[in-house]
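Student: I have a model open in my viewer and would like to learn how to read its packing. Could you walk me through it?

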Amino acid sequence: MEAKKVDTRYTQDRELSWLRFNERVLDEARDASVPLLERLKFAAIFTSNLDEFFMIRVGSLSDMLLIHEPHIDSRTGQTPEQQLRGIFQAVAPLYQQRDHVVEQLERHLRTCNICRLRPSELDGKQRRQMEDWFRTELQPILSPQVVDARRPFPHLPNKSLNIVLQLGGEGKNSFGLIPVPQSIPLYLRLQEDGLHYILTEDVLLTCAGALFPNFTVESGTVAAVTRNADISPEDEAYEVDEDFRQHMRKIVKKRSRLAPVRLELQGEREEKLVDFLCKRLNLNRRQVFFSNTPLRMDYVFSLETELSAEQRATLCDPPYTPQCPAWLHPSEKLIPQILRRDALLFYPFESMNPFLQLVREASSDPAVLSVKITIYRLASKAKLAEYLCAAAENGKEVTVLLELQARFDEQNNIQWAERMEEAGCTILYGAENIKVHSKICLITRREHGKLQYITQIGTGNYNEKTAKQYTDLCLMTANPELGADAAALFQNMATVNLEGTYQHLLVSPYQLRDSIQALIEQEIAKGEQGYIFLKLNSITDRRLIDHLAEASQAGVEVVMNVRGICCLLPGVPGLTEHITVFSIVGRYLEHARIYRFGRGEDAALYISSADFMTRNTERRVEVACPVLDPAVRQRIFHILDVLAADNVKSRQLGADGRWHERWTGESPCNSQAQFQTEAIQAAGTQPRPALWTRLFRRKRDAANSAISVFKGTKHQNR
């Protein structure tokens, strides 16, 4: 049977799109307006992003090579082998860019007396301190190994650092290996007036000869192996009577032992060492990447704690505390306030505390009958989980649908599941092969003989740590129809009825995409009067991409704020010329999902947990909630307007698949900085219901003016 021809005129490869997003992260490390240490943090974020990309995306494509049935990508028409070839070609220059950026940043930091020293730069006093530290603190816990024809090559765990040495002396073709324990410090701070430090791997590389007294060290390098971590529990058979938590423990343990997909080397490029490692790890040369930058940059985030107050003020972002929202009356309990009107929290500009307060009040409110919630990720220390436990201990019916398959958070979620179950919570794990990614909480009360619902729906996880780092929306409402939908959703998930229907909520995997397509059709029917605004993290779903292209061809104006992967190419004449795509990368991670269909005050408006990715539309339980309250709608319209007016941290996607600088204009707009300012100003006023409406109408007029200028301006390459 002949394969269906793929139309690639307005689509691009998902993986290359992601790599270009990560390059945008590296752009922040280049931005001279960002404080120096924050720029180094962006280089570290770029590095950790790339690690996960290889573990998951390259791991997944590598798995596809093992499948005999042909797989053709729906956006490019390429095979997995072709996609991998493109990835390896695109990644090598990114290493060079990162090396250059980090070298420049470290040079600037040296002018501030903050120095990462190489062993060759140490004076006699510093060298003695390093050698003493090695001898007393490191050497007792190290496990050096000789590898030769008689001694086998050991397993190298995923992303662990290892010192690999070519040894001479006792025999030919001997190699030494020193695994770097995770329990030891990342660096040694040297006894200097400033912040002078040397990384632990550099210490080990320098002092390695003391660990192999019968050999001479001829050359050495720092090596890290990246392994395929794309484990799908549904692909792993487990016993019927085996507890799912126990099964997930096995999956997490297995992740560190899967096949290598990348080898990184820092230090000498000795061909014998490279050949030795490639042979033992069964890797080819295209999977080997050389770096002058440290292979693990976690140490960067701890440097801030070593700085003086004056240095932090100069080198770091000004501290910001999420604000108390203007609508909140601090002296009044939260439940009565939500019963009176809908409320919106905008993280991290506003605090997550009001939502936590809502759950805490519910845990002891005599009128509360039950609390039900879906949880995808939690912080390691979570007040929310403690309040849910308290509710169960107080006799409330508490049901927690906890997703144990949240990638890289499995172990944390397993521990919380056990803790909450001990407190009396009912723990559910969702349907087979379907992740529960929705963010919804339902509190059911009976007051004066009448049932009341308080429903919370969000765009981000119930993670108190990331709520200070990610931009997300949290809607709390007592709307009875939304509450009835939420109650039906929880009942359907508990009985594995994923095909249930709802009056207002859009729920995947069976309704959300069809409903989105119907909303797009409504705008197509309006022709040039149609309007769509989408704020997403990623878009890869081919059916939705094609429908948006169809809308463009009908004259509908489509504006998309896509943070990361965008497989849709805008601005292609005759195909997507009415589609504009821009991305914002700044101090906070853009994470909220918002859908708007139509112009004017009566536009259909949704907040959602779902991106426009096939995994969200077909393989996850996701929820999109209509925003019905007029004041909340005004606020979200304002948020979209400010995002569209951003010309500082925003870049526009071109038809070539690359991000281009947007016109700066006479009035620069940094959307995240503006949201911070607005939150501080609003928190300093008395809470009045009409406050946000008045504020947003003023801001909106200014934003619309900026947008109209922007639309008429051509955008140049950076």
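Student: How are H4 and H5 oriented to each other, roughly parallel or roughly perpendicular?

Tutor: A word on the model before that. It is a predicted model, in which local features need pLDDT of at least 70 and side-chain atom pairs count only at pLDDT 80 or more, while totals for chains, interfaces and linings use all residues. Residues are numbered from 1 along each chain as its sequence is written, and side-chain values use heavy atoms, leaving out hydrogens and water.

Now the general idea: helices (H or I, at least four residues) and strands (E, at least two) are DSSP runs, numbered from the N terminus. Axes are lines fitted to C-alpha atoms, for helices over the stretch in contact, and angles run from 0 to 180 degrees between N-to-C directions. Angles under 35 degrees count as roughly parallel, over 145 as roughly antiparallel, 65 to 115 as roughly perpendicular and the rest as oblique. Here, helix H4 (residues 124-138) packs against H5 at about 90 degrees, with the axes 11 Å apart. H4 and H5 are therefore roughly perpendicular to each other.

Student: Which residues in H4 and H5 meet?

Tutor: Contact means heavy atoms within 4.5 Å. From H4 come Arg127, Met130, Trp133, Phe134 and Leu138, and these meet Thr200, Val203, Leu204, Thr206 and Cys207 in H5.

Student: What angle do H11 and H12 make?

Tutor: Helix H11 (residues 353-364) and helix H12 (residues 383-393) pack at about 15 degrees, their axes 8 Å apart. That makes H11 roughly parallel to H12. Among the residues making this contact are Phe355 and Val359 of H11 and Leu384 and Tyr387 of H12.

Student: In what order do the strands of the open sheet lie?

Tutor: Two strands pair if DSSP finds at least two bridges between them. In this model, 3 strands form an open sheet in the order S1-S6-S5, with mixed pairing. Strand S1 (114-116) and strand S5 (187-189) are the edges, each pairing on one side only. S1 and strand S6 (residues 195-199) run parallel, joined by 3 bridges. Helix H5 (residues 200-207) packs on the sheet and touches S1, S5 and S6.

Student: How many aromatic pairs are there in the whole structure?

Tutor: Rings of Phe, Tyr and Trp (its six-membered ring) pair if their centres lie within 6.5 Å; planes under 30 degrees apart count as stacked, over 60 as edge-to-face and the rest as tilted. The search finds 18 pairs. For tryptophan 18 and phenylalanine 53, the ring centres are 4.7 Å apart and the planes at 5 degrees, so this pair is stacked.
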